[in-house]
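Okay, thanks for coming, everyone. Let me put it up on the screen.

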Amino acid sequence: MAIRTLLAGVGAYLPERVVTNDDLALRVDTSDAWIRERTGIRQRHLAGPHETCAHMGAEAARGALRDAGAEPADVDAIILATSTPDQAFPATALRVQAELGVDRGFGFDLSAACSGFIYGLSVADALIRTGQARGVLVIGSEVYSRIMDWQDRGTCVLFGDGAGAVFLRPGGEAGRGILSTHLHAQGSLGDILYVDGSVGRHDRPGTLAMNGREVFRHAVVKLAQVVDQALKANGLERSAVDWLVPHQANLRIIDAVGRKLGLPPERVVVTVDRHANTSAASIPLALAEAATDGRIRRGDLVLMEALGGGLTWGSALVRY
Ligand code: COA
């Protein structure tokens, strides 16, 4: 029987501090009504000084290992998707490796902006199916509050901090596991969403710049294409999808893809209202929430999709 990659456990970490739209309206010229209407966001979590990319990533990873009934000794590889690493190097993945007490294997950071978790799943799936690793942590951890221009109301209201993780291992029983991943990128669109400047906990890093309307336009078209591609590649109808776990950037984009699939809203996992856009962390955070509260069950067909800076976009179809 062909090896398939199982999602054996999920974990999540959100910073303690919650910042509402009304809190933001004290700092920039915006309002709770504008933010809710255009994005669906009500609040976001913002990291304190101790809530680094590595710390949050390690907390989420611990949760994923616990959920899988696994130990740090079971971890062969750590892939950490982030655009906000704590340092240029060592890779934040290796800071997480040290925090977890994993003393073998390998790890690296993966830069694909908001599509980072989908890219990470794809790489991990290949490592497992080719036998290069058995236990793989894929983590999305982001501290976008450190790359925000807090004077720019067009961007600073949209993002939040947090981390989510999955622990993957080989399986294949009852058709469960990752059925497919599809990755895309178009570097010629790099200037519609980017961050100039360096990384680092203490330096002033670059800040995020975005042409929101252009990103929105590409997101609606490309995400619709990528969900069709995933279903077609697996010979499945839209009606086969039990859960859509989309990247959480904007409720209007999420609704558009849900409608395209003909899914009722209660089959679409939404966290953007409480988390805002946590980039590479948003899908594993949403997945962890819906798997932990019992909505997503073993055997359900789960479709994940994301689009982000690069542009990058992609999908992962999983029999949970
Ligand atoms: N509060 C109040 N007004 C705001 C505002 C805010 N936070 N941000 C922008 N505005 C204003 C603009 O200045 C503009 O005013 P003007 O008409 O007087 O110039 C008006 O609101 C409309 O701005 P616009 O950018 O056209 O709004 P929009 O309907 O396109 O919504 C986004 C803006 C950013 C919410 C929307 O484009 C979007 O979600 N884009 C995708 C972003 C995304 O998903 N990025 C991450 C991808 S991973």
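**Around the ligand**

So, the shell around the ligand takes at least three residues from domain 1 (5-170) and at least three from domain 2 (177-319); those domain bounds come from an automatic or database assignment. Before I go on, some housekeeping: this is a predicted model, so local features need pLDDT of at least 70 and side-chain atom pairs count only at pLDDT 80 or more, while totals for chains, interfaces and linings use all residues. Numbering runs from 1 along each chain as its sequence is written, and side-chain values use heavy atoms, with hydrogens and water left out.

How many residues surround the ligand? There are 24, and the closest are Thr30, Arg38, Arg153, Arg213 and Asn250. By type, the shell is eleven nonpolar, eight polar and five charged residues. Here nonpolar is Ala, Val, Leu, Ile, Met, Phe, Trp, Tyr, Cys and Pro, charged is Asp, Glu, Lys and Arg, and polar is the others, Gly among them.

Which elements supply at least two shell residues each? That's α2 (32-39), α6 (153-156), α7 (212-233), α8 (251-261) and β12 (301-308). The top contributor is α7, with four residues. Helices (H or I, at least four residues) and strands (E, at least two) are DSSP runs numbered from the N terminus.

Now the polar contacts, meaning N or O atom pairs within 3.5 Å. The side chain of threonine 30 puts an N or O atom 2.6 Å from a ligand nitrogen. For arginine 38, a side-chain N or O atom is 2.6 Å from a ligand oxygen, and arginine 213 has a polar side-chain atom 2.6 Å from an oxygen of the ligand. On its own, the ligand has 960 Å² of accessible area, and the protein covers 73% of that (Shrake-Rupley, 1.4 Å probe).

Most peptide bonds are trans, and most residues other than glycine have a negative phi. So which spots here are worth a look?

Phenylalanine 89 and proline 90 are joined by a cis peptide bond, with omega about 0°. Proline 90 is in the loop between β4 (77-81) and α4 (92-100).

Glycine 310 to leucine 311 is also cis, omega near -20°, and leucine 311 lies in the loop between β12 and β13 (312-319).

Finally, alanine 276 isn't a glycine, yet its phi is positive, about 60°. You'll find alanine 276 in the loop between α9 (272-275) and α10 (282-292).

How values were computed. A residue is near a molecule or strand if one of its heavy atoms lies within 4 Å of it. A polar contact is a pair of N or O atoms within 3.5 Å; within protein, one must be able to donate a hydrogen and the other to accept it, and residues adjacent in sequence count only if both atoms are side-chain atoms.
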